[in-house]
Amino acid sequence: MNFPLNVDVHCSDGRCGRSTHIILNPVTEQVTHVVVREKRPSRVERLLPVMLIANTAAEMILLDCTLEEFAKLEPFNQTEFVYTDLAHYATDPKLTLLWPYV
């Protein structure tokens, strides 16, 4: 199934917004969500699971949910930081000299 961007997205009972982004699972490289910006005035972006997509076309995405169900979907937050501890050996300045060989 193709997931077009910047097209109208329609629920079973009316237009809910426009597609703005596609979210991929980096391991499987499969589309997991489509981000939909709600129509005015709110303009909130919501994460739409692909299992709610009934059909797609070049100019439209049709959903298998109502406007009320769409409004309950999780908001999309573009910025998310994942912190991790780096091992001491990963930050050693001498590693820069060995970079192409290690």
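Which residues are linked with Asp8 in a network of salt bridges? I found that the network of salt bridges links Asp8, Arg15 and Arg18, a salt bridge being a side-chain nitrogen of Lys or Arg within 4 Å of a carboxyl oxygen of Asp or Glu.

Before going on, I noted that this is a predicted model, in which local features need pLDDT of at least 70 and side-chain atom pairs count only at pLDDT 80 or more, while totals for chains, interfaces and linings use all residues. I also noted that residues are numbered from 1 along each chain as its sequence is written, and that side-chain values use heavy atoms, with hydrogens and water left out.

Entry on the whole chain. I read off two helices and six strands, where helices (H or I, at least four residues) and strands (E, at least two) are DSSP runs numbered from the N terminus. Their order, starting at the N terminus, is β-β-β-β-β-β-α-α. Of the 102 residues, 25% count as buried, and here buried means under 20% relative accessible area, exposed means over 50%, and partly exposed lies in between (1.4 Å probe, protein chains only). The chain exposes about 7800 Å², of which carbon and sulfur atoms supply 56%; accessible areas come from the Shrake-Rupley method with a 1.4 Å probe, and for residues only the protein chains shown count as cover. Among the contacts with a separation of 6 or more, 43% come from residues 24 or more positions apart, contact meaning heavy atoms within 4.5 Å.

Entry on the salt bridges. I recorded five of them in the structure. Arg15 pairs with Asp8, and their closest N and O atoms are 3.1 Å apart. Asp8 also meets Arg18 in a salt bridge, at 2.7 Å from N to O. This second pair links distant parts of the chain, with Asp8 in strand S1 and Arg18 in strand S2, ten residues apart. Elsewhere, the side chains of Arg46 and Glu38 form a salt bridge of 2.6 Å, N to O, and both Arg46 and Glu38 are buried.

Entry on strand S2. I placed Thr20 in this strand, which covers residues 14–24. The side chain of Thr20 makes a polar contact of 3.2 Å with that of Glu45, a polar contact being a pair of N or O atoms within 3.5 Å, where within protein one must be able to donate a hydrogen and the other to accept it, and where residues adjacent in sequence count only if both atoms are side-chain atoms. Leaving aside residues up to four places away in sequence, Thr20 touches Leu5, Val35, Val36, Arg37 and Glu45. Gly14 also belongs to S2 and is partly exposed, with a relative accessible area of 22%. The C-alpha atoms of Gly14 and Leu67 are 6.9 Å apart in space, although 53 residues separate the two in sequence.

Entry on Leu5. I located Leu5 in the segment before strand S1 (8–11), and its relative accessible area of 44% makes Leu5 partly exposed. Together with Ile22 and Leu24, Leu5 forms a nonpolar patch on the surface, with about 250 Å² of accessible area together. Patches are made of residues with over 30% relative accessible area and no salt bridge, with like charges joined within 9 Å and nonpolar side chains (Val, Leu, Ile, Met, Phe, Trp, Tyr) within 5 Å.

Entry on the hairpin. S5 and S6 form a hairpin with two residues between them. I counted four bridges joining S5 (residues 53–57) to S6 (residues 60–63), and the two strands run antiparallel; strands pair if DSSP finds at least two bridges between them. Ala57 stands opposite Met60 in S6.

Entry on Gln78. Is Gln78 buried or exposed? I found Gln78 exposed, with a relative accessible area of 53%, in the loop between helix H1 (67–71) and helix H2 (95–98). Not counting residues up to four places away in sequence, Gln78 touches His21 and Glu45. The C-alpha atoms of Gln78 and His21 are separated by 10.0 Å, with the two residues 57 apart along the chain.
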